[in-house]
Amino acid sequence: MKHIVTGIVAHVDAGKTTLSEALLYRSGELRQLGRVDNGDAFLDSDALEKQRGITIFSHQANLQYQDLAITLLDTPGHVDFASQTEQVLSVLDYAILVVAATDGIQGYTQTLWHLLERYQVPTFVFVNKMDAPGVNKTAVLEQLQAVLSPGILEVETMTEEVALQDEAVLDDYLAQGELPDATIRRMIQRRQVFPVYFGAALKLDGVDDFLAGFNRWTNEATGEAEFGARVFKISHDDKGERLTWVRVTGGELATKAMILPDQKINQLRQYNGEKYTVVPNVMAGQICVIPGLEETYPGQGLGALADAEAPFMQPVLNYALDPKGNDIHACLAALRQLEDEDPQLHVMWSSQLQELRVQIMGPIQLEVLQQLLLTRFDLDVSFGEGSILYKETITAPIEGVGHFEPLRHYAEVHLLLQPAAAGSGLTFDADVPVDVLGQNWQHQVLSSLGAKEHLGVLTGSPITDMRVTLVNGRSSNVHSVGGDFREATWRALRQGLMMAKVMDTAQLLEPWYQFRLVVAPDQIGRAMTDVQRMSGQFDAPETNASNAVLTGTAPVSEMQDYAREVQAYTHGQGQLELVVASYQPCHNAAEVIESRAYNPTGDVANTPDSVFCVHGAGYPVAWDQVPEAAHVAYLAN
């Protein structure tokens, strides 16, 4: 029997969970079709999900259709829970993207498409709500092809269009007059073709055709011989036991195996909704849950599998907790458990301010977080006013130097800091001959660069979009130890950033929303004026007799509270959709820098200064005097 792991992704209210229910029902797994609005959907089992009528956590179900066994992972549809969705993508054989015919391609749908591309997940498209009045199938398909990919095709009927997606395939098709199923399946796996189906999941229209097509056009994954697995989710059951969800990618996983130091697998579970069965072993390609493991995390590779790259979706808002009289240590413990499940919360405790802060994607996530603290931990708390999570980068190359030479210690490090593409994060590399600086010391430098979050010097915000290369350095055969190079490395990075600040090539970045605003035609002028006031940009509005649609981008700092204004001036009829698009240069950088009043030389934990030694005594050297005191010549020299 062929086994496929698939996940359903969609913009909120597109009908993602409804399609999941329909697939389970038509395959015989459910005797009765559940509904999200009735609170009896099989996969929205959490009480909070039933209350809100949305999927908040990823869930698993199993179904069988003919000779196809499907492990189905339902994911959240709201953009605020995008990190939960992204965790799942790395373990999928195929994805099912649900698009509502009534809404078209919304901003978060495009974000999901980019994520599927990032993780190279072959994708099927199901266009839902085709029974709605005025829906035009041809127009929907043309929009999908224009906005997402020309490879979105009805593969059963559009054979020539399928062949056109690959030049070699087209040559074979023209020569032979046919297109083998195996070729189409291969093109789907390569993400050249994306089969699309149309229907209405609530009425079960098109569901059988989709199941038949999914069976016909998918290939089972080939597992590696050596054991490997990917962690994609951490949760806790109703008894508080910690659960690690993994996809086995190679070999076999069995009870009593020791896949982490001093941690033995005592049980393997396979879930179907809220229920599970205990199994003795799990083969490559299957999903399982391991209770009791500690210090596992989403994205972690086990066995022969390396860790996944850092998640693309990042929080942009920062909130302080108001414990409202609750014990702060109990609040911290509860938040640490929720952070264990969603590392993007980035729970931070300031001993100086006696304050807890969390990072989130948006207001719905904040409301859910507050409810989780109440229902799971009996903590009635609130959160203060949110602040923006800024980042910093540079706009021109600069060399930074760090020297660490207290008595009987020695290390000097030269780092070349170069700007990198927007959204690329940080990359670390070395370009030094081993006869200049030994391989061990080079490894110490690179390890130190990746050992902590590095802060910029404008506002103390994390740095990003930068390539940092070790280009020179010096050690002592007598006095150098690994810790010396850690100190020198961190100081070199900060010293380079201080040099960039003086040269006006340090840059403050802020998150920007991609927005879609729907208002009445007579309100579009007000909307455009508002966006301009918020330093945003927009395309020409699309207007018809009933409404006007404005799309564009604007700073999160300006637009995060705009939804309330829209509801007020449209009397509840307007719709504002916000998706974090990217980090861009801050529109009011000088104002933000002044208000933050960050003192980079006073940040002792992130000092840019160095330590030199004369006559057997170490002494500090300010960052701006380091170039003259350095023992190794600058790259430019």
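R376 counts as partly exposed, since its relative accessibility is 34%. Its side chain meets that of E341 in a salt bridge, 2.8 Å from N to O. The pair links distant parts of the chain, with R376 in helix α11 and E341 in helix α10, 35 residues apart. E341 is buried, because its relative accessible area of 8% falls under the 20% cut-off. Bear in mind that this is a predicted model.

That pair is one of 22 salt bridges. Here are three of them side by side.

| Pair | N to O distance | Separation in sequence |
|---|---|---|
| R247 and D93 | 3.0 Å | 154 residues |
| D380 and K324 | 3.4 Å | 56 residues |

R247 sits in strand β9 (residues 242-250) and D93 in the loop between α3 and β4, so their bridge ties together parts 154 residues apart in sequence. Both R247 and D93 are buried. With D380 and K324 the setting is two loops: D380 is in the one between α11 and β21, and K324 is in the one between β18 and α10. D380 is partly exposed at 41% relative accessibility, and K324 is partly exposed too, at 45%. Elsewhere, R526, D530, R533 and E565 are linked in a salt-bridge network.

Two more spots deserve a look. Helix α4 (residues 107-118) has twelve residues and should span 16 Å at 1.5 Å a residue; its end C-alpha atoms are 17 Å apart, which agrees. Among the buried residues of α4 are Y108, W113, L115 and L116. Just after α4, Q120 takes a positive phi of about 50°.

T469, in strand β27 (residues 466-474), counts as buried at 7% relative accessibility. Beyond its neighbours within four places in sequence, T469 is in contact with H414, L415, L416, Q418, D429, A430 and D431.

Methods: Residues are numbered from 1 along each chain as its sequence is written. This is a predicted model: local features need pLDDT of at least 70, side-chain atom pairs count only at pLDDT 80 or more; totals for chains, interfaces and linings use all residues. Side-chain values use heavy atoms; hydrogens and water are left out. Helices (H or I, at least four residues) and strands (E, at least two) are DSSP runs, numbered from the N terminus. The expected span of a helix is 1.5 Å times one less than its number of residues. Buried means under 20% relative accessible area, exposed over 50%, partly exposed in between (1.4 Å probe, protein chains only). Contact means heavy atoms within 4.5 Å. A salt bridge is a side-chain nitrogen of Lys or Arg within 4 Å of a carboxyl oxygen of Asp or Glu.
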